[in-house]
Amino acid sequence: MTTARIDARFKALKAQGRAAFVPYVMGGDPSREEALAILKGLPAAGADIIELGFPFSDPMAEGPPIQKAAIRGLAAGFGLRSTMDLAREFRKQDDATPIILMGYLNPIESLGYDAFADYAAASGVDGLIVVDCPPEEAAPLVEALDKVSISLIRLATPTSDDARLKIVVQGTSGFVYYVAVAGVTGVKEADADVVAPAVARVRAASGLPVAVGFGIKTPERAAAIARVADAVVVGSALVEEVAAAVAANEPAAPRVLAKVKLLSDAVRSVASASVTETV
Amino acid sequence: MPNTYAWPDAQGRFGPYGGQFVAETLMPLIHELDAAYAAAKADPSFQAELDGFLTHYVGRESPLYFAERLTKHFGGANIWLKREDLNHTGAHKINNCMGQILLARRMGKTRIIAETGAGQHGVASATVAARFGLPCTVYMGAVDVERQQPNVFRMRLLGTEVFPVTAGAATLKDAMNEAMRDWVTNVADTYYIIGTAAGPHPYPAMVRDFQSVIGKEIKVQSRAQMGKLPEAVVACIGGGSNAIGAFHPFIEDEGVRLIGVEAAGYGLDTPDHAASLKGGRPGVLHGNRTYLLQDDDGNIVEGHSISAGLDYPGIGPEHAWLHDIGRAEYRSATDAEALEAFQLCSKLEGIIPALEPSHALARTGEVAREVGKGGDVVLLMSGRGDKDIFQVAKHLGVEL
C-alpha cells in the first residue's frame, strides 16, 4: 500500500476529471475521542486524502489557528506516536483513503528515523510532510521511508525558481505540495490566477500531481483552486471550527465535518482542467 | 585534535550538528545569504568598512583588564576581564549586528527583523537599524518584555517596533519562532539579524566570524600584557555567540583551555535550568541540529534562568561539536551562584556585570585555582549589568 494508495487515489480522481479535496486535521485536537470521530467522518464528508498533523511545541511555519490546534493537541497529551495510533484506528474502517502525516522534524528525530518509519507503516500512513526538512537534509529520512514505501512529500513555494524546483522534486513520489503563498498557514489568501502557472510549472518539473495549500478558506476559493490544481488542501479553516466548538462547549466533529462537506462539494462541483491535462 | 580546524563543511555542518533545517520557502533566501556572505567575506572593502565602524562607532578594541582584587580574592591564577561591557550598547551583541547590517545593505534589503531575549541583541539591532535608517521590528517574548522594561524602552527610543510574543512560554525561543514567521512572510525585502551563533547555515559561522573579533583581540592583548597566551578562556553560554567569538581564534592553540558556562537555573537536578549540553540531547530546532532541552516526544522544553539572555533551550551547533570532540569544556552555574558573583564583581572591581557573564564569573574562581598562581585566565565580560539591577534588586528583596 502506502505510496500505492496515493497513486491509486489520484488515478481514480483523474478518471472522474476532478481535483482531490484534502482536509488537514490535528491529532488529539481537541481530545482523542473527538479527533477520532472527526477522522472517521472525513471520507463520508468528502475527503479524498487526509492530512493528519501531529502536535509540536514550536510550529514555526504555522499561523495562529494551527498553532492553537497544536497547543490543544499537546494539552490532550498528544504527540507523534499517539497521532499515528489514530491513523491505525482509522485504518480499521478505511483502507483506501491515503493518510499524509504532517509536522516538524524534531519529534521524528527523537523517535529515530527507522523506528518512526516502521511505526508509520504499521499505522497505515502513506506519506509524510516535514515542514523543516528541505531536500538538502532529507537523505537519511528518505532512506528510512523508502524501506517501507512511504512517500516524503516535497514542498514547492513561490520562492522556488526553476533551478530550485529541480532539486525539490528530485526522487520524489506521491504528489508535490505547492505552498500557495510566501508566509505561514491561514493568514494570506491564495490567488488562483497566480497559483495556476506555478502549479503547471511544478507539474512539468515533477511529473506528479500537485496539491495546493496555505490560504484557502472558503468554498469559492477552494473551487477556484480546484480548477487549476490536482488537490486542494484546507487546514486553518477546519481547526478554527474545532476552536469555535470548544469555545461554545459543543462537540467538534459535527461542525468540522459540515465544513468539510461544504468545501468538498465546492471542489467536486468543478472540473479540474489540469487533471485531464496531466499525462 | 586536528591541527587544522575548518568547520563548518560545505553543507554548513559541524560534525553532525548545524545544517539548514528551514521551511522550503526560506531555502532560496538562505542560499542567497550564504553566497552574499561568502562574497562579502572575500571582499577587503567589506572588512575595511566593518573595521571602521567597529573602531569609531562601537568603540573597539575593548580593554583586557587585569582584575587584581578578584585575583586576590580567588587566590589562583591572574584573572583578566575582556571588557565587552564597554562597547556601545553595553554588550558584545553589537559586533555581530554591525557586521550583519552592513551585509543587509550590500544585499539591498530594506527592512530589519530580529529576536531578543534579555533585550541586548534587540537594542543592538535597533541601534544599527537607526544608524543606517532602516525600519526594524524586534520580536520579544511577552514575559521578557515584562522583565526587561529598560531595554524595551531603549529599543522604542531608537525607533524600533517591539512586538511582544505571547505564544508558548513567551520567551526567547517563541520570539525566534515569530521572527521566522515574519521572515517567511516578507521574503523579498527583509533581512533577519539572528543574535546568536545558531539558526540555519550560514548564521552559526557568520555570527561566529563577526564575534571572533573578541578572541582575536584577546590573543593580541594577551601577548602584549601577559607576554604569552592565557591558560584558559571562560565565557557564559546561552546560544553561545560571545563564547564562540572568544573561543574560535584559540581552537588550534592546544595549551589554551576553553570553558563555557551554561545556566543551571535552580539546579541541573531540577527541571528549571537552561543547560542544553548538560541536560539536553541532540535534536532539530530553529534551523539547526544541536543539543536541545526536550521531552520524550521531542517537544521543546522551556529553559529557565535568572538571566533572560541565557534562557534558551538550545545552543549553537559549533558548541555542540566542540563539546563532543572535547576541545571545549562545559560547566554550569545556578541562579544563586550568578547572583553571588554579580555582587562580588560589583564590590571588588567596581564593575557591575550583566547576569549572563556573572554565570561565567561564578566558575572563574575554581578555574583560576585549577590553573594555579602565575597562570592567566581570561573571563569574557560580555555585557554590563545596568539592565539587570531591577531583577537583582527583586531577588535580594530590595524595593527600588
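Here are legends for a few close-ups of this predicted model.

As this is a prediction, local features need pLDDT of at least 70 and side-chain atom pairs count only at pLDDT 80 or more, while totals for chains, interfaces and linings use all residues. Residues are numbered from 1 along each chain as its sequence is written, chains are lettered from A in the order in which they are written, and side-chain values use heavy atoms, leaving out hydrogens and water.

**View 1. Two helices of chain A cross.** Helix α10(A) (residues 219–226) and helix α12(A) (residues 252–268) have axes that come within 8 Å and cross at roughly 35°. Helices here are DSSP runs of H or I, at least four residues, and strands are runs of E, at least two, numbered from the N terminus. Axes are lines fitted to C-alpha atoms over the stretch in contact, with angles from 0 to 180 degrees between N-to-C directions. P219(A), A222(A), A223(A) and A226(A) from α10(A) make the contact with L262(A), L263(A), A266(A) and V267(A) from α12(A); contact means heavy atoms within 4.5 Å. By class, that's eight nonpolar residues, no polar and no charged ones (Ala, Val, Leu, Ile, Met, Phe, Trp, Tyr, Cys and Pro count as nonpolar, Asp, Glu, Lys and Arg as charged, and the others, Gly among them, as polar).

View 2. In chain B, 38 residues of domain 1 touch 39 residues of domain 2. About 3,200 Å² is buried between these domains, and carbon and sulfur atoms give 59% of that; buried area is the accessible area (1.4 Å probe) that two parts lose on being put together, summed over both.

**View 3. Chain B packs against chain A.** On the chain B side 36 residues are in contact with 35 residues of chain A. The two chains bury about 2,700 Å² between them, 48% of it on carbon and sulfur atoms. E24(B), R181(B) and D297(B) supply 24% of the area that chain B buries here, more than any other three residues. Five salt bridges are counted between the chains, each a side-chain nitrogen of Lys or Arg within 4 Å of a carboxyl oxygen of Asp or Glu.

View 4. The K173(B) side chain forms a salt bridge with D58(A) at 2.7 Å, N to O. K173(B) also meets E302(B) in a salt bridge, at 3.3 Å, N to O.

View 5. Most peptide bonds are trans, and most residues other than glycine have a negative phi. The bond from D29(A) to P30(A) is cis, with omega near 0°, and P30(A) sits in the loop between β1 (20–26) and α2 (32–45) of chain A. F214(A) has a positive phi, near 80°, in the loop between β8 (210–213) and α10 of chain A.
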